[in-house]
Every structure is written in C-alpha cells, then in structure tokens.
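User: Got a model here I'd like to go through. Can you take my questions as they come?
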Amino acid sequence: MPDKPTHSKILILDFGSQYTQVIARRIRECQVYSEIIRFDTPAAEVAALKPNGLILSGGPASVYDKGAPQIDSEIFSLGVPVLGICYGLMLMAHHLGGRVVFTGRREYGAGVLHVEKGSELLGGLGAQIDVWNSHGDEVTALPKGFRVAGTTEGCNHAAVEDPQRKLYGLQFHPEVAHTPRGKEILQNFLFHICHCAMDWTMGSFIEEACARVRKQVGNQKVVLGLSGGVDSLDASDRFLALLKGVTDPETKRKLIGNEFIEVFQHATEELLEEDQRDDEYKLPTANPSGRTAAGHSGYKFLAQGTLYPDVIESVSIQGNPAQVIKSHHNVGGLPEKMHFELVEPMRQLFKDEVRQAGLQLGLPKEIVYRQPFPGPGLAVRILGEVTPERLLILREADTIVQSEMEAADWYYKVWQSFAVLLPVQSVGVMGDQRTYENTVVLRIVESQDGMTADWVRLPYELLARISNRISNEVKGVNRVCYDISSKPPSTIEWE
C-alpha cells in the first residue's frame, strides 16, 4: 500500500487457521481494509503500520505446546484494540496472566452463546445467539482486568473483554456463516471499538494498486503474458517434453512453474533483440550490449495475475504456520532463482474482488465473469501422464461441457465447470461391440472465492445431455461420471 494510507486498516495476525482468509473477507465486506501479516511481527513494526485494530486468528496449535506460534506480548500494550479469536483468545490469556488448559471437554459445531449485559463487543445482539465452536482447549482463569461477556454450555469464558485496555476475546468463530450474527460482532469491533470508517472501496484499491505499481516499476519495462490468438508464443512442445512420463501432481506443477519462467525469459530475449533492431534503426549510437543512447535497460519485471487463494494454498502466508495444499505455477512453482522481479497488483484480492475491480474498470462481462482456469493448464486435469493424445480427448470433452453450460444458461451461475480425464479405462458397449475406453469426470462447483466450494445440483437433463455428447462425440471415452465432492475435504481441481 502507499506509504501514507488514507483509509482505516485492520491487521490480522495469522496463526494458521483455515478461517483467517474468511476474517479478511468479512472485514472487507464492511468496506474496511484488512491485511494478513505474520503472527510473530514485532510490536514496533505493527505500530508503524498504524492499524485501527488487530485481530489474532485461530489456529490448530495449543498455546502450551512446544513450538506453538507465539506473539510479541508488547502488542497488548500498544493501545490498539485487539480481538482474539479462539487460539487468539487463548494466546491473549496465556501472555497476560490467565490460565489455559485442556479440560477434556471439546466443543465442535453449533452452540448457543448466552450474552452478559453491558458487553461492548456483543452489544445490541440480544440475550443469546447461535455460534460455531471449534476448540479443545479452554481459558479457565481470566487475566486481571477481564470480565465475562458470554458463556456457552461447555465454556464459561466463551466471550471476554477488558474495555479499559480495549482487549477482547471470543472462543467461537464469528467469521463463519454458521455464526449467523457474526458479522454484527465484527462490525461492533470495527466501528464501535476501533472507530473505523467505511472508506475502503474497489475504486480506492484500484488507485492504490496503480500507485504501487508505478512506484515499483518506474519507467522500466514489464513482460506480461496474455492468452491470445494465432500470434501467441506456442511452447506446448517444450512443456510436453518435460512432462513425458511424469505422473506425480506436485512434480507436474514444479516442472510447469520452472518452464513457465524459462518461456518468458526466452520471449524476453526475443523482445530485447527486436528492441535492439528498432533502436539501431532509430539511433545509430546503439551498441552490441543492447543498451542504447535512449537508455534501454531490458525487461526486469514479470507481471502476473496471482490471487490470494493461490498464495494461501501454495505457501505458508508470509511464513505463517499454514498447511501447503498444492503449488501454483505462479507461486510455489516458481524457481528459486529467476531473472524477473514479480509485479502482482492483485495478490491480496479474492476472485470475486477482482471481478468487482473489473466491473469498476468497465471490462465486458465475458472477461469479468469468465470461469477460473488453472495456471498449469490442462496438465492438472489429466491424472497420470500428459500426452498429446490425452490432451486432445480432454479438450474435446471440455469444449462440450462449456458449450452445453452456456446453451443452458448455467455457465455464469457456477464458479467452475470442466472435465477431468482419469487414468482409468472401463468396459463399455458401442454399436453392439465391446469397448475398453477412458473415463471422464465432470467437475461443476459453486463458490464465492475458491477457498471453499460445493458441487452444483445441475438438472438431470443437462447432465444427461453433456454425458451423451461426450460419449458419442469424443473418441476414446465410453464413461462419464459426476464429482459430488465439496471443498473441503476435496479441492476444486483434481491435482
């Protein structure tokens, strides 16, 4: 962000919770800027960022475990309001003189919070609300200055607060949909306690992102890859040669990520040669090094459309203790040493937020609402070895899926719809003859941001039409299945 942001800001210290990104989204929905930072960021650095408030996320650890992520306890003395959620609450109690233990009573799933009168954080919510629990440890003794703000059947300290020091804690998760009035709790924290203004809009993000890119790039040149037409650089032979005989999904992604950079470096060399020829034509003073009297210094930057879910699933966010799910070609799949500096203006945005930006910029619907496509391409939708023959089968099947979804007016109603080719053959019958051909799986899901997803209950007539067309029109396929797995436990892509 710019050196002197003009908007309110909430910092989220991430302790590895699967819900951390959901907290960030909920806050942004309130038109307040949120940013996830390392759990162990020193208090002085936190203060320098001038946040209106801090949120300590949940996490899978126990505060008393060896190696459990800890916090700079000086953060509680900055005078900035702090909200601890689940592990964040326990960490607050642990550092400020309270007591955290495993009581043997686990609370997972739905519960009812009984609200104490006079609570600042829970004000205006009534005597009781439905909440979502997910914890095994419990705060059994509060630090000095704290009071109980809410209890559940299994927890006497489900909500606590110290209004004088502006410290607040919740044992449940207000950010998830299963806590129906959780957004109101977060709004109480944002507006009544942190005094944030609703001043972060997509328009303001666009202005700040542009300023950030200008500051990073200056007057130098940037290489940006776009999916184009017949004049696009075709590197399919290079990728196929690398992937020959490779079946491990993570190996595929790593190889594609490295070759991805190699292709751009090769393209950059061609651009430099083209620039040099143009400069020599225009400026006789050009020298063999490629640097001309005009001051040309090459292509230092590579621009990418990296999004927040890519980062979250590929690497532990800025070193946080999160589980790596898979490498994305433009995040975890990048080589350690490369000649480019990355320009990623949308790295902190979710997909739906990017679409808001696209609409704000006036882009057409066909671009803004185009379904996500995996960076590594169809290679991660072909389980097993990637070959030209298998790519042809998948492309033909996928074309049918897309065309039928569009014809039935379902394409823009779902998050993603595509075909997956399995390394599985089965017996079938076509024209009274026995066949032993490939299996294609249909994957059609609905989601808001790609972090969680559910399979779509498509009309049977549409599923039947897609299945019949693939079986009849795609040579080498005699069986079509429908994936009815949600994320979690599955991922959207199969590899």
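Predicted model: local features only at pLDDT ≥ 70, side-chain atom pairs only at ≥ 80, totals over all residues.
User: Which residues of α11 and α12 meet?
Analyst: On the α11 side, E396, A397, I400, V401, S403, E404 and M405. They meet L462, R465, I466, R469, I470 and E473 in α12. Contact means heavy atoms within 4.5 Å. Helices (H or I, at least four residues) and strands (E, at least two) are DSSP runs, numbered from the N terminus.

User: What's the make-up by class?
Analyst: Seven nonpolar, one polar and five charged residues. Ala, Val, Leu, Ile, Met, Phe, Trp, Tyr, Cys and Pro count as nonpolar, Asp, Glu, Lys and Arg as charged, the others, Gly among them, as polar.

User: Switching to sheets. What order do β10, β11 and β12 take?
Analyst: β10-β11-β12, an open sheet with parallel pairing. Two strands pair if DSSP finds at least two bridges between them.

User: Which strands stand at the edges?
Analyst: β10 (221-224) and β12 (341-343). Each has a single partner strand, so one side of each lacks a neighbour in the sheet.

User: How many bridges join β10 and β11?
Analyst: Four, in the parallel sense. β11 covers residues 299-303. K221 stands opposite Y299 in β11.

Key:
Residues numbered from 1 in each chain as written. Heavy atoms only, no water.
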